[in-house]
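Here's a quick report on a ligand site and a bit of surface. Have the structure open as you read.

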Amino acid sequence: MSDVPQQTPQETDAADAGPEDIETGADAVVRALENARVEHLFGVQGGAIMPVYDALYHSEMNHITMAHEQGAAHAADAYGIVSGEPGICMATSGPGATNLVTGIADANMDSDPVVALTGQVPTEFVGNDAFQETDTIGVTGPITKANVFANDSETVGETVGSAFALAKRGRQGPTLVDLPKDVTKGVAEDDPGTPELPETYNPPETAEPEAVSEAAETIASADKPVILAGGGVIKAEASEELREFATEHEIPVITTMPGIGAFPEDHELSLEMAGMHGTGYANMAITMTDCMLAIGTRFDDRLTGGLETFAPDAEVVHVDIDPAEISKNVEADHPLIGDAKAVLKQLATAMPRSPAADEWREQCQQWKDEYPMDYAAPEDEPVKPQYVVEAFDDATADDAIVTTGVGQHQMWACQYWTYKEPRTWVSSHGLGAMGYGVPATIGAKIAAPEKDVVCFDGDGSFLMTCQELSVAVREDLDVTIVVLNNAAIGMVRQWQDAFFGERHMASQYPWIPEFDTLAEAFGARGFRIDTYEEVEEVVEEALAYDGPSVVDAHIDPGENVYPMVPSGGDNGQFALSEEQL
Amino acid sequence: MSRNQDTHRNGLEGPAPEERQRPVGRRNSQGIRIDPEVEAEHEPRRTIISAYVADEPGTLARVSGLFHRRQFNIESLTVGPTQNDGYSRITLVVEEPDPGIDQVKKQLNKVLPVVHVRELDNEPVARELVILKVDGDEPDKVQAITEMYDGETLDAGPRTITVQITGDEGKIDDAIDAYAQFGIREIARTGQAALARGEEETARVDETHT
Ligand SMILES: Cc1ncc(C[n+]2csc(CCOP(=O)(O)OP(=O)(O)O)c2C)c(N)n1
């Protein structure tokens, strides 16, 4: 059995923090979390999970009661992204567990480290359709990295520890332990110890040296090299190595959406994000490159567009810790299986020379000049959302964290904010779950209380989880939620404009509440923006307010997100306006 | 003051799609770089994959769920215990293009109780069992066919005859064709079980498992 690295046993601390003695399975569960140095838990109480909550009664760990279990899962997910440590969410059986599902699926798509602990009906009732019984293992099987039905009180603590280790090691992801009530109530005595991985799980560390040399030679010989940095770079804490490698060899860097922050966007080598709503210059470079060093990305279709036209001239060097990602979507000419940080170090050492790519860099610069990110903002029209995003970026620290819902606002938040550090961009990428914003804001702030946290939400997304505002108020979290309010589920409306003859079926929200007033009802501060003149003052006041604030920003309801590559399209043929679609 | 206040805003600009540089190459729909003139796709092929797995509740469900979810074309799946307590062998027959077969192996490997996965090439030893029930009007002819295929009669009555045939897939298909003339009432096939030939290992099993 292998230990989780950077995890030193801290038995003395744990003994101080935990209950005096371990008496039940639930005590062992709690002790396992303490041994894993868990500080915060997000959850909702309920019958089947009550023994675990009872065991938490004396624990020093901070449990945050969320308004809805979906909120608990998203908060844990954001906590995991920001802190790098698995976020823990808890729910009771049946409806509690099913409410977690969206958040677990989200973590699974984005490989975020999350541990879900669900209550279950007592073992003797399992399979009988007992009150609040759901086959949680069956339901969450396809959306977890691993899930386990705990069936033994004596070992349940170790099971939870191993779920924690699995969430964090190798390709990160959500794990779940289903905890029948009789198991958590049953007798346990032993300290479960620190988290250990199951024997069959041995993620690779470094890539094969020969493959590394060949890949390095390929990169060094390239005329038009790019680096494509995915979320895996951030997960592996490899941003520093990436920065060194790129600057040393002067290779332009493109990121995927989860890779935002892996490389500073104000760096001259940065081309920012490619894909459906990526920058024109990133999409040109990713199309024309002859050598792509792709690190920690799964080549999602929002990035690649149609595979036929994705980097068709490029030899692909693909670094990933999960062998199953190699050639899943895009064939890798040079697979390097291993941890991104370790492999980047290997590559750095193996590079025989830097690629001779002056012309290519000039070409990239030319694309940057040709396709600047910009928007028209006539003064007599309603406020443009991009303007609001930039105003908040200007007014916050460089390491401020941005969280989002899903939709147009999410795209503006990634296009018009300049990300400079890893773990400052917290969003629902692969699943695209509306409602992610508010709970993620809570999780992010709990993970990084000293940082500015700004959420850009859509009116539709906000309405899906705005009840979590009550939690932000109760926990007195100093966060700012900016609703880019277009009285529509705008991204859908945009597609209707473009592909459905402007038939706005079920995408307009004529009955939208006053979000500033709603915020006040929750005990938060509410602000409202209607004109450009108000922007600066509201930004200042909302950020200055010491507690949760909600800015209801009434933006141009007709504004759409560009550039755009229609789904399955050709990245190099991105449209700059509807006419070009 | 916000930096965007004095900027003159033009909206997005730049050359239109048709004015842009174009790459010369192309990939196929499987993401493989190809000669654009030729447009080759990988053709599916049939193969046998063997997985050695720890017996844990839900392992089979996870494996079959995986095939369904990832849309792998699976033809048969058999499972049974091995010589080692607590471990089973799953034999899968799949029909996929090479990249798909590769994915099948890698995805199987990610299922935690799966200890080892291998594709059995080089003519593995593979057998299937079929039980079939035919109309009993011509018992002598049925018996002749059964003998021809080294089968065994399991049950014979005035109206039906039930036989068993074991063999490789081709033999079973042929046998079923041959019985068709009598009127087949029901068929139950097991799907293939297979081991690698000779000294070759079917799955990497360390000393704790041998
Ligand atoms: C839970 C969920 N339901 C539906 C969708 C489909 N969808 C994607 S974007 C979008 C519109 C989002 O509207 P809003 O949150 O108001 O943001 P906007 O696009 O207007 O900025 C919808 C409905 C989704 N992504 N998630």
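Which element gives the most residues to the shell around the ligand? That's α19(A), with four residues.

## Ground rules

This is a predicted model, where local features need pLDDT of at least 70, side-chain atom pairs count only at pLDDT 80 or more, and totals for chains, interfaces and linings use all residues. Residues are numbered from 1 along each chain as written, chains are lettered from A and ligands numbered from 1 in written order, and side-chain values use heavy atoms, with hydrogens and water left out.

## Around the ligand

Of the 17 residues around the ligand, A:Q408, A:G432, A:G460, A:S461 and A:G490 come nearest (near means a heavy atom within 4 Å). By class, the shell has seven nonpolar, nine polar and one charged residues; Ala, Val, Leu, Ile, Met, Phe, Trp, Tyr, Cys and Pro count as nonpolar, Asp, Glu, Lys and Arg as charged, and the others, Gly among them, as polar.

Oxygen atoms of the ligand sit 2.8 Å from a backbone N or O atom of A:Q408, 2.8 Å from a side-chain N or O atom of A:H409 and 2.7 Å from a backbone N or O atom of A:S461. The protein covers 76% of the 580 Å² of accessible area that the ligand has on its own (Shrake-Rupley method, 1.4 Å probe).

## A partly exposed Phe

A:F500 lies in the loop between α21 (490-499) and α22 (515-522) of chain A; helices are DSSP runs of H or I, at least four residues. A:F500 counts as partly exposed because its relative accessibility is 46%, and partly exposed lies between buried (under 20%) and exposed (over 50%).

Conventions. Helices (H or I, at least four residues) and strands (E, at least two) are DSSP runs, numbered from the N terminus. Buried means under 20% relative accessible area, exposed over 50%, partly exposed in between (1.4 Å probe, protein chains only). A polar contact is a pair of N or O atoms within 3.5 Å; within protein, one must be able to donate a hydrogen and the other to accept it, and residues adjacent in sequence count only if both atoms are side-chain atoms.
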